[in-house]
Amino acid sequence: MTQRHHRRIGASLAALVFITGLASGCTAGDWRYDIPPAAGVVEDAGPIKARNILLLADAEGKGLLMGSLFADERVELIGAAVAAQQPDGSYAEPVTVDISGDVGVQEPLEFGGTDSVVEGANLQRGLLATVLLQFSDGTSMTIEPVVVSSDEDSYAESWDAALG
């Protein structure tokens, strides 16, 4: 084969790769991110989407559960509990958190206020915790965020507002 023929084949292959990329949707105009980048854990269970779930804790083990819940259909959060990981890797017994409320299609349930305070869980900063959420449609969700220090500048205002 001549060098000219090799260039034509190379150009044809490059064009084919480009067209295949466009057809696959990688650069399609309606491409959307599933979630925006942010702090916290993201989890989906059935019609419910938990976004940016985060646990703050002070040196005494008191905590604040923060985040948002979204749903594809109206559902109610009917129960929440937190179990703290211990230094040996085991988990303490879960403690109840007083969060409840409706999660709508266009109306997220956001938490991080006084009803989201976690007491008696002995949360330890830098370790994990298990957050258990139960919904009225029978869906349950288990989320494992890292426990973040309440002293972090990014969260000091939220901590002070809930536990001030």
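Which residues have the most contacts inside the largest nonpolar core? The legends below begin with the whole chain and then answer this.

**Figure 1. Overview of the predicted model.** This is a predicted model, in which local features need pLDDT of at least 70, side-chain atom pairs count only at pLDDT 80 or more, and totals for chains, interfaces and linings use all residues. Residues are numbered from 1 along each chain as its sequence is written, and side-chain values use heavy atoms, leaving out hydrogens and water. The protein has two helices and 11 strands (DSSP runs numbered from the N terminus: helices H or I, at least four residues; strands E, at least two). From the N terminus, the order is α-β-β-β-β-β-β-β-β-β-β-β-α. Of the 164 residues, 36% are buried (under 20% relative accessible area with a 1.4 Å probe, protein chains only).

**Figure 2. The largest nonpolar core.** This core has 30 residues, and Leu55, Leu69, Val118, Leu123 and Leu133 have the most contacts inside it (a nonpolar core is a set of buried Ala, Val, Leu, Ile, Met, Phe, Trp, Tyr and Cys residues joined through side-chain atoms within 4.5 Å). Among the elements giving two or more residues to this core are strand S2 (48-57), strand S3 (63-71) and strand S9 (129-135). A second, separate core of nine residues includes Leu64, Met66, Tyr155 and Ala162.

**Figure 3. Surroundings of Leu123.** Beyond its neighbours within four places in sequence, Leu123 is in contact (heavy atoms within 4.5 Å) with residues including Leu55, Val82, Val118 and Val147.

**Figure 4. Surroundings of Ser150.** Ser150 lies in the loop between strand S11 (147-149) and helix H2 (156-163). Ser150 counts as buried because its relative accessibility is 6%. Leaving out residues up to four places away in sequence, Ser150 touches Leu56, Ala57, Asp58, Arg125, Ala156 and Trp159.

Key: Buried means under 20% relative accessible area, exposed over 50%, partly exposed in between (1.4 Å probe, protein chains only).
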